[in-house]
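Have the model open beside you as you read.

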Amino acid sequence: MASTESGPPAVETLAALDAGSLAMLDALVVASGWNQTADDWALFARHGSVHAVRDADGQIVASGAVLPLGASAAWISMILVAPGSRGLGLGRSVFEQCLRTVKAAGRIAMLDATPAGERLYLQYGFTPLWRLSRWHRGPVDGSAATAAARSDDTGFDALAALDAEALGLDRSAVLGELMRRADSRVVRHAQAFAVVRGGRIAHHVGPLVATDEVSAALLLRELTDGRTPALFVDVPDDRPLLRRQLAEAGFTLQRGFVRMAAGDAPARGQTAFIHAIAGPEYG
C-alpha cells in the first residue's frame, strides 16, 4: 500500500515483469512524459532490478530501477510517481531502496539528475560531476522512419572498448542489447560511433562516442540531415560545436541534467569522448 499513515510505504522488488506489471510501469512513463518503452523496463529487470510501490488496489504508483555497470558502479534511474500519488514521499522511499540495493552490492551509485532531483540527491551524499542538456527536434518532413543513416554493427568489440574507455565502465552487455533492438541503428565513422534507438516520444541518439568533437559533429550531421523522426540527444554542456550545430539544425533545449555519483572513487573515463549519453537511464 502507498499510505504513509503507519510508516514508510512498502517498496517491492519485482521478481519478474509480467504483462500486468509492464502495463502499470508503462503507465507511469506515459504520465510522466518520459521516453522509455517496455524494452527498457525488460532490460532493467534482466540486468538489474526494478522496485515499486503499490496502492491499496495493487496498482504500481511509484518505481525505480538499478542497473549494475562494470565491476564497480550501478545506475539509479526511473524514479517515477503517479500524478495522484505525488507528495506522499513515495519517490524518496523508492530511491532509498535503490540506494540500499547499490550499497549492499558494494557498488558506487551513479545517476543523471534533473535540477529538482539534484537538490534531493545532494542530501544523500551525491556529488555533481558534469552537466549536460537534452536537445529535441520534431519530425522533419513528416517522416516516421528511422534517422537517415547507414547502419554498421560490425566490430562490436572495438565499439564496446571505445565506449568503456569513454565511460570508465564496461557496459558491453547493455550496449549490445541497445544495438540489437529491431528499431535501433548503429552508425560508425573511423573515429566515432552512435546508436539511434526508438522511444515512446522520439528516437534517442546516444551513446555518441568519438575521440574528438569534430568527428562527433560529422557523425551527428549525418544523423540529423534529411528526413528524420522526432529526435532526442543528450549532450554535455561543454561541447560548443555540437550545441551550435544542433541549434542550427532546428533543435531546441528541453531540460538540463547533472551527472552525479555517491562514493569516494566514482568511475572516471575519458569523458572528452562522450558527446551524447545513452540516456539518463543508461549513463
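The lining of the largest cavity is made up of one nonpolar, six polar and four charged residues. Here Ala, Val, Leu, Ile, Met, Phe, Trp, Tyr, Cys and Pro count as nonpolar, Asp, Glu, Lys and Arg as charged, and the others, Gly among them, as polar. Among the residues you will find around this largest cavity are Asn 35, Asp 40, Arg 134, Arg 197, His 204 and Glu 281. Its volume is about 70 Å³.

A word on where these values come from. This is a predicted model, in which local features need pLDDT of at least 70, side-chain atom pairs count only at pLDDT 80 or more, and totals for chains, interfaces and linings use all residues. Residues are numbered from 1 along each chain as its sequence is written, and side-chain values use heavy atoms, with hydrogens and water left out.

On a 1 Å grid over the protein atoms alone, a cavity is a set of points where a 1.4 Å probe fits but cannot get out, while a pocket is an open set with protein on both sides within 12 Å along at least five of seven lines; lining residues have an atom within 4 Å of a point. Grid points are joined across faces, edges and corners, and a volume is the space filled by probe spheres set on the points. The model has two cavities of 30 Å³ or more.

Turn now to the second largest cavity, with about 50 Å³ of space. Its lining divides into seven nonpolar, one polar and three charged residues. Helix α5 (156-167) contributes the most, three residues, and β9 (203-210) and β12 (274-276) each supply at least two. Helices (H or I, at least four residues) and strands (E, at least two) are DSSP runs, numbered from the N terminus.

The largest pocket holds about 740 Å³. Of its 35 lining residues, Trp 34, Ile 79, Thr 114, Gly 117 and Tyr 121 are the closest to its centre. Strand β4 gives the most to this lining, with six residues, and the lining as a whole counts 17 nonpolar, twelve polar and six charged.

Finally, look at Arg 137 in strand β6 (residues 127-137). What does the side chain of Arg 137 reach at 2.8 Å? The backbone oxygen of Thr 224.

Key. Polar contact = N/O pair within 3.5 Å; in protein donor to acceptor, adjacent residues only side chain to side chain.
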